[in-house]
Amino acid sequence: ATTHEGQLEFLKKIEGQVRGIERMIEEKRYCIDILTQIQSVIGALYRVENEIFKKHTEGCVVNALKGRSEREKQEKINEVIDLISKFRKTS
């Protein structure tokens, strides 16, 4: 099974950044400074997301495609397609 423990360190840093944004708002800091910090958090989350997706593809998906079960292969392919579709949706 693919593990993602390596991402925990990055998530803890992101958690600290979010607390920093809360403090900035409480301290009534300049809007641009707050927005800059928010963009930093968003970028960090995308990096974590990319790494987990990469490991999923290299591990779970590749293993399924090497397997004998056509049903499992198709499920993994559909799962990736659905995930990419969700990533592309904008609010």
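Which residue's side chain meets that of E75 in a salt bridge? In this predicted model, the partner is R71, and the nitrogen-to-oxygen distance of the pair is 2.4 Å.

With a relative accessibility of 42%, E75 is classed as partly exposed, whereas R71, at a relative accessible area of 59%, is exposed.

Helix α3, which spans residues 70-88, holds another such pair, for the side chains of K73 and E70 form a salt bridge with an N to O distance of 3.3 Å. Because K73 and E70 are three residues apart in this helix, about one helical turn separates them.

In helix α1, which covers residues 8-26, a salt bridge joins the side chains of E9 and K13 at 3.6 Å from N to O. These two residues are four positions apart, so that E9 and K13 are separated by about one helical turn.

Altogether the model contains six salt bridges, and the pairs described here, including E9 with K13, are among them.

## The nonpolar core

The largest nonpolar core of the model is made up of seven residues, namely I14, I21, M24, I34, V41, A44 and V48. Helix α1 and helix α2, the latter running over residues 31-66, each supply at least two residues of this core. Helix α2 gives the most to the core, with four residues. In soluble globular proteins, nonpolar side chains tend to be buried together.

One member of the core, I34, can be followed through its contacts: when residues up to four places away in sequence are left out of the count, I34 touches I21, M24, I25 and R29.

## Cysteines and disulfides

A disulfide is a covalent bond between the sulfur atoms of two cysteines, and the structure holds zero of them. As for the accessibility of individual cysteines, C31 is exposed, with a relative accessible area of 53%, whereas C60, at 26% relative accessibility, counts as partly exposed.

Technical notes. Residues numbered from 1 in each chain as written. Predicted model: local features only at pLDDT ≥ 70, side-chain atom pairs only at ≥ 80, totals over all residues. Heavy atoms only, no water. Disulfide = S-S within 2.5 Å. Buried < 20%, exposed > 50% of the residue type's maximum accessible area, 1.4 Å probe, protein only. Salt bridge = Lys/Arg side-chain N within 4 Å of Asp/Glu carboxyl O. Core = buried A, V, L, I, M, F, W, Y, C linked by side-chain atoms within 4.5 Å. Contact = heavy atoms within 4.5 Å.
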